Amino acid sequence: MAHIFLSKKTAFLLFFLSIFNSFWAQRIQLSKDTTVSVITCGLGNESYSLFGHTAIRIKDNANFVDAVYNYGAFDFNTPNFVPKFAKGDLQYFAVVNRYTDFINQYTYENRSVDEQELQISLEFKQKLFDNLNSSLASGDSHYTYKFIDKNCTSMVVDIINKTLGASIITKKTDTELSYRSILYTYFDYHFYEKLGTSIIFGTKVDALGTKLFLPLELQKSLKLIQYKNQALAPKNQTILHFEESHPSSWWNNIYSYLIFLALLVILNKKGIHYFYFSLMGILGVFFLFLGFYSNHLELANNYNVLLFNPTLLVLCFFYGARNKAWIYKLSLFNLFTLLIYLVVLINKAHLFIVLPLVVTSAYFLIQLTLKNKKAIPIII
């Protein structure tokens, strides 16, 4: 699901050229030697390339056509870009590139590229070619990006299935895993990105991952799909191969995370409690806000607010006011929500990555509970 960052001027130029090319391409009758392929691009180390990329290649030497249709472009200079992305209103669109330009870009990025030729008739190749160009010319290639439901991979699947007239391409692997479990492995060398996505996603990503939304998942499924009593894409050809390179960072790793939390526990002062509980509470408010504000359904119903509990901000208020009765009550309440959180989390992929935060919160809350317990009058 790699994305192409374009300036406003470049985006307009590419969109204009795509429309021009699509009108020109609609006049072409493909030859019998035409090949249609699904292109899968390997993972990168930038946030926008962590999941790879999917595109469609149409090649017809007789008509001097060798084009890659790519549904992963957007204009980085879109007004209110960040709010629109958070809201789920950011518009993506398709562009068409010359195959050589496309490959040169991935060569420059040291990212592998694989190709799977689709075994479909010339009639369907022509129909797919026409559908792709009509989509560009009509503006149907513009879509509102959704992390699972609408992205460069799902758009490729949709237009191929539309062309074939049935849901031929469906997910064949890892259907017993949740979306969260599938995504989790993509962040193995990006610790804080893994932590961030673990705590910002809600219940939707805990559903079974039955939709094709990742390039490598599509690549694996294509190998297993039968179409008209034959394999739809029996061969995988490697066009570019690079050994995976993993980033090395002195801070973006589990060690800095554990050391930071250990220092908070060791220092264990009132100011540390203020800092820790305020940060956790603010994040909880942020998660709740996103859940209601955003159209990204992946952010809704976020049970991680049981850990990042907004009531911690109220606890900080009474902590500053030295109101021992309310400190005790709110500490006890948050310990209870932590217990519920652990029950919810027991079979989730991100259990172990958030466990140090659970332990730190529990340690501080138990301290406050025991320290302020005597403020609660005993009624006989």
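Q: Why does Lys 194 count as buried?
A: Its relative accessibility is 11%. Buried means under 20% relative accessible area, exposed over 50%, and partly exposed in between, with a 1.4 Å probe and protein chains only. So Lys 194, at 11%, counts as buried.

Q: What sort of model is this, and how are residues numbered?
A: This is a predicted model, in which local features need pLDDT of at least 70, side-chain atom pairs count only at pLDDT 80 or more, and totals for chains, interfaces and linings use all residues. Residues are numbered from 1 along each chain as its sequence is written, and side-chain values use heavy atoms, with hydrogens and water left out.

Q: What makes the pair Lys 194 and Asp 188 a salt bridge?
A: A salt bridge is a side-chain nitrogen of Lys or Arg within 4 Å of a carboxyl oxygen of Asp or Glu. The N to O distance for Lys 194 and Asp 188 is 3.0 Å. The pair therefore meets the definition.

Q: Why is Asp 188 called partly exposed?
A: Asp 188 has 46% relative accessibility, so it counts as partly exposed.

Q: Which residue forms a salt bridge with Asp 206, and how far apart are the closest N and O atoms?
A: The partner is Arg 180, with the closest N and O atoms 2.7 Å apart. The pair links distant parts of the chain: Asp 206 sits in the loop between helix H7 (191-200) and helix H8 (215-222), Arg 180 in helix H6 (residues 179-184), 26 residues apart. Helices here are DSSP runs (H or I, at least four residues), as are strands (E, at least two), numbered from the N terminus.

Q: Is Arg 180 buried or exposed?
A: Arg 180 has a relative accessible area of 4%, so it is buried.

Q: What separates Lys 220 and Glu 217 along helix H8?
A: About one helical turn, because they are three residues apart in helix H8. Salt bridges that share partners join Lys 171, Asp 174, Glu 217 and Lys 220 into one network. The side chains of Lys 220 and Glu 217 meet at 3.3 Å, N to O. Glu 217 is buried at 4%, whereas Lys 220 is partly exposed at 34%. In the whole structure, a search finds 13 salt bridges.

Q: How do you know what Val 113 touches?
A: Contact means heavy atoms within 4.5 Å. Not counting residues up to four places away in sequence, Val 113 touches several residues, including Ile 39, Cys 41, Tyr 106 and Leu 240. Val 113 lies in strand E6 (residues 113-117). At 0% relative accessibility, it counts as buried.
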